[in-house]
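Visitor: I'm new to this one and would like a slow walk through it. Could you put it up on the screen?

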Amino acid sequence: AKLLHVPLWQKQPRARKFSVRRPAGSVQVVQLNLNHCEAAQVRLRQLMGVAATAADVAILSEPYRVPELDECWWADKAKMAAVLVRGHPMKVLEDRHEGFVVVQVAGVVVCSCYAPLMAGDFNAWSTAWGSRKTCARGHRLEEAIARLRLVLANTGNTRTFSKNGGESVIDVTFCSPELADGMQWQVSGEQTFSDHFAVRYSLGRVDRVGSPLKLPRSCQPKTWQTKFFDENLFALALRREGSGECLSADSLTAAMVKACDVTMPQKGKSPPRREAKPWWSERILEAWIAKRRMRRRHQRGRTGEERDERLPPSQAAKKALQLRIQCSKDEYYHRLVREAEANPWGAYRLAMGKLQRRNVPRETCPQRLRSIVAELFPLPERTVWPATPYGAAEDVEVAAVTDEELQLVAQRLDPAKAPGPDGLPNVALRAALRSCPGMFRRALQKCLDDGVFPDRWKRQKLVLLPKPVRNPGDAPSYRPICLLDAMGKLLERLILNRLTVFTEGARGLSGRQFGFRRARSTVDAIKMVVETASSVRQGRGANYLCAIVTIDVKNAFNNASWLAIARALHGMRVPDYLCRILGSYFDHRVLLYDTDSGPQEVQLSAGVPQGSVLGPTLWNVMFDGVLRLRLPVGTLVVGFADDMVLAVRGQSLKEVEVNAERSVEAVQTWMSGVGLEVARHKTEVVLVSGLQAVQEISIDLDGLVVRSQEAIRYLGVMVDRRLTFGSHVDLATTKARGALNALSAIMRGAGGISCSRRRLLASVVTSVLRYAGPVWAEALSARSRVELNRVHRLTGIRVAGAFRTVSSAAISVITGMIPVGILIDEDRERYAG
């Protein structure tokens with residue numbers, strides 16, 4: 001349905017968890033193709049009358065019969081599209097044509113259709129709304145919708161049609177960007193007596209039932225309102241507090257806290273009770289309170305005359321609130337447009353947040369959190385950090401900390417990053433490094449000289465980021481990120497600058513490790529693997545079979561052995577003063593996390609913090625050993641951080657199977673020696689062959705048989721057995737369509753951002769299509785190029801606001817967007833050069 005934006009006057013939703021209830025004042029919608037079935041139509045009326053499945057509006061295709069005298073029904077001229085409304089007044093806007101009917105319900109324009117239009121059964125397939133492939137009608141529908149600047153409301157790939165064992169997704173909903181957020185679009189499992197499933201969604205806000213997390217007042221860290229930050233006042237306050245010769249970590253932190261108190265007001269001690277919308281303001285809150293007061297006064301009138309007398313002020317207060325909300329929304333949209341003009345990437349991140357949003361409640365139960373933390377952060381027996389075997393024999397002096405180095409570090413501090421347990425914002429630390437560099441230089445130099453990492457900066461606050469399509473409450477459903485103190489990260493950066501000299505030296509990391517290293521990327525890692533496999537396809541050498549085996553490390557970063565890291569550092573001949581401060585970096589490390597019963601802490605004995613500056617490099621140092629294993633002849637091992645792949649070549653299937661099993665066994669043995677574990681169920685294999693016939697292998701991993709697949713995913717690229725990369729093009733186009741749907745929220749109208757800025761935002765969609773292009777560009781087939789051009793054409797239609805009948809060449813000229821095929825070929829040539 002074409003759903004136009006209208007102001008909502010309800011109060012702001014509370015930040016709640018778990019269950020979802022019907023919001024007061026929202027319009028509940030059900031969408032269904034009745035397929036001319038009488039039982040389906042009767043069942044629909046029954047479901048709309050039951051409280052648990054009640055709906056206010058039914059958008060219908062192919063109704064069985066439209067009652068002539070029933071004012072709740074309205075249909076088009078051919079009786080193929082209809083709207084059924086219950087409990088709301090309905091105003092008919094258009095019913096003179098065949099195929100669609102337009103009505104207005106509760107201020108929302110609803111269009112039901114039976115034809116390629118806005119909402120209903122379109123009989124069109126597209127990967128954008130969950131189909132296995134995109135048909136010609138799906139391409140035409142996408143281009144038509146792009147011109148209308150609507151966005152797709154479908155989520156997931158649940159089938160909406162099932163008949164004779166066949167299933168597909170052909171019931172689609174499109175809406176304006178304003179109503180896309182919070183629609184809760186879902187396919188219902190109710191019995192409809194039709195071969196189509198009912199589709200349900202809400203127009204309005206969503207209330208989450210539950211109580212927000214409240215911590216004891218004394219346990220909440222200090223936080224400040226950085227929008228009031230005054231750099232000059234902060235510098236004066238910091239100089240007064242830090243006038244000493246050399247401050248300790250505690251004294252330095254205390255001085256920063258006092259300077260922040262002088263400069264900025266603190267945020268409220270309690271967490272916000274409402275999940276505030278970006279356009280919400282204090283003026284709206286005042287109007288809402290006034291409206292609620294007048295409504296209660298009207299409802300509590302004792303007589304009819306008294307209630308009639310109080311009705312006009314109540315209606316006036318309600319209209320005033322609606323007007324204030326509408327003005328605030330308009331102001332917020334224009335501010336977003338201005339931000340996009342100044343910084344398109346900030347607006348892009350806001351739009352992409354809608355695409356990546358997870359409706360997973362925050363876990364606060366103490367028992368469940370304790371179980372999750374215990375699984376994510378195992379506690380092996382604590383070991384003693386070994387002394388450097390060569391000691392002071394290397395005779396390497398401690399590199400001095402300079403003001404220039406501190407200024408370079410200050411430039412890398414992102415003001416938008418979340419603060420650590422101490423609550424100090426990066427904007428304050430940047431100002432402190434610019435105004436008082438000597439204070440920090442002396443304190444940090446003392447840490448390096450003494451080989452001590454202060455305990456205050458070893459605290460890491462746990463944040464659990466939900467993974468998509470996982471069960472809430474299970475440990476594998478979350479990605480643990482640790483928030484660290486900004487000044488601790490400052491010291492980590494200084495240590496890393498000195499450590500990199502040795503990790504990138506002659507005795508440093510293997511050349512086959514591509515993760516978290518300068519001038520190395522995922523494209524380099526993928527390119528090395530694909531070139532090894534393509535040699536058998538092109539007949540180079542005696543081998544004509546190559547098995548690509550991807551190996552996943554279970555809970556990798558949190559299981560990293562500190563003892564293994566120390567031994568690897570000694571093998572690289574890292575100076576004694578760096579080894580000592582790294583040993584202090586791990587000693588007495590504490591993990592903090594919040595629960596309903598208050599904050600908890602755990603003493604760690606393994607792992608590198610995810611979110612730290614040193615963590616990725618220390619992981620590479622430890623993991624370097626597996627890349628140097630002596631494996632069977634013809635086996636290549638490539639690493640990107642904790643992602644590892646084996647390329648096993650051979651002349652026969654038996655040889656490849658045996659060498660692959662021996663290589664995986666050698667990797668498992670090494671990992672068990674450093675406290676790591678291979679996630680065997682995530683191991684995947686694809687066999688690349690130079691023969692015409694399809695070849696398959698199976699490898700045995702301690703009783704788990706892994707069979708070769710048609711294609712596997714490695715670092716975001718689908719590698720298939722023929723190295724044609726058709727599967728990767730399908731994946732890339734699906735992701736690009738999703739990104740385009742999210743970006744449409746800020747590319748919506750002629751009054752929005754300029755064409756040049758919309759083109760810049762659209763280049764993000766193009767970058768999704770171009771990812772790792774130097775790897776697969778040469779192998780692209782004509783069909784794959786057509787699929788890439790179709791998605792790129794959709795982006796051009798969004799940018800130009802053109803009709804679908806405009807040619808691709810004309811769209812490229814109007815928007816100034818270079819065809820994606822040319823861009824991919826250019827990427828390949830530049831990479832090769």
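Guide: Before we start counting, a word on terms: a residue is called buried when its relative accessible area is under 20%, exposed when over 50%, and partly exposed in between. Please also keep in mind that what you see is a predicted model.

Visitor: Fine. How many residues are there, and what share of them counts as buried?

Guide: The protein has 833 residues, and 50% of them count as buried. Its accessible surface comes to about 39,000 Å², with 51% of that belonging to carbon and sulfur atoms.

Visitor: And how many helices and strands?

Guide: The secondary structure comes to 24 helices and 28 strands. Among contacts between residues at least 6 apart in sequence, 71% join residues that are at least 24 apart.

Visitor: Let's go inside. Which residues touch the most other members of the largest nonpolar core?

Guide: That core has 96 residues, and the ones touching the most other members are Phe234, Leu238, Met256 and Phe440. Helix α13, covering residues 486-503, gives the most to this core, contributing eight residues. Another core lies apart from it, with 46 residues, including Phe514 and Val765.

Visitor: What does Phe234 touch?

Guide: Leaving out residues up to four places away in sequence, Phe234 touches Phe229, Met256, Ala259, Cys260, Thr263, Ala428, Ala431 and Ala432.

Visitor: Switching to strands: what is the order in the open sheet of six?

Guide: The order is β22-β23-β19-β24-β26-β25, and the pairing is mixed. At the edges are β22 (635-640) and β25 (698-701), each of which pairs on one side only. From one strand to the next, the twist averages 25°.

Visitor: How do β19 and β24 pair, parallel or antiparallel?

Guide: Strand β19 (residues 545-552) and strand β24 (residues 684-689) pair in the antiparallel sense, over six bridges. As an example, Leu545 has Ser689 in β24 as its bridge partner.

Visitor: Which helix packs on that sheet and touches β19?

Guide: Helix α14, residues 522-537, packs on the sheet and touches β19, β22, β23 and β24, with its direction at about 160° to that of β22. Helix α17, residues 615-627, lies across β22 and β23, and runs at about 170° to β22.

Visitor: Now charges. How many salt bridges does the structure hold?

Guide: It holds 22 salt bridges. One of them joins Glu231 and Arg434, whose closest N and O atoms are 3.2 Å apart. Glu231 lies in helix α4 and Arg434 in helix α11, so this pair ties together parts that are 203 residues apart in sequence.

Visitor: How accessible are those two, Glu231 and Arg434?

Guide: Glu231 is partly exposed, with a relative accessible area of 34%, and Arg434 also counts as partly exposed, at 41%.

Visitor: What about Arg628 and Asp624, what do their side chains form?

Guide: Those side chains meet in a salt bridge, with 2.6 Å from N to O. Asp624 is buried, with a relative accessible area of 6%, whereas Arg628 is partly exposed at 48%.

Visitor: Last one: which residues are linked in a network of salt bridges?

Guide: Glu143, Arg793 and Arg804 are linked in such a network. Separately, Asp825 and Arg785 meet through their side chains in a salt bridge of 3.2 Å, N to O. That pair links distant parts of the chain, with Asp825 in helix α24 and Arg785 in helix α22, 40 residues apart.

Definitions and conventions. Residues are numbered from 1 along each chain as its sequence is written. This is a predicted model: local features need pLDDT of at least 70, side-chain atom pairs count only at pLDDT 80 or more; totals for chains, interfaces and linings use all residues. Side-chain values use heavy atoms; hydrogens and water are left out. A nonpolar core is a set of buried Ala, Val, Leu, Ile, Met, Phe, Trp, Tyr and Cys residues joined through side-chain atoms within 4.5 Å. Buried means under 20% relative accessible area, exposed over 50%, partly exposed in between (1.4 Å probe, protein chains only). Helices (H or I, at least four residues) and strands (E, at least two) are DSSP runs, numbered from the N terminus. Contact means heavy atoms within 4.5 Å. Two strands pair if DSSP finds at least two bridges between them. Axes are lines fitted to C-alpha atoms, for helices over the stretch in contact, and angles run from 0 to 180 degrees between N-to-C directions. Accessible areas come from the Shrake-Rupley method with a 1.4 Å probe; for residues, only the protein chains shown count as cover. A salt bridge is a side-chain nitrogen of Lys or Arg within 4 Å of a carboxyl oxygen of Asp or Glu.
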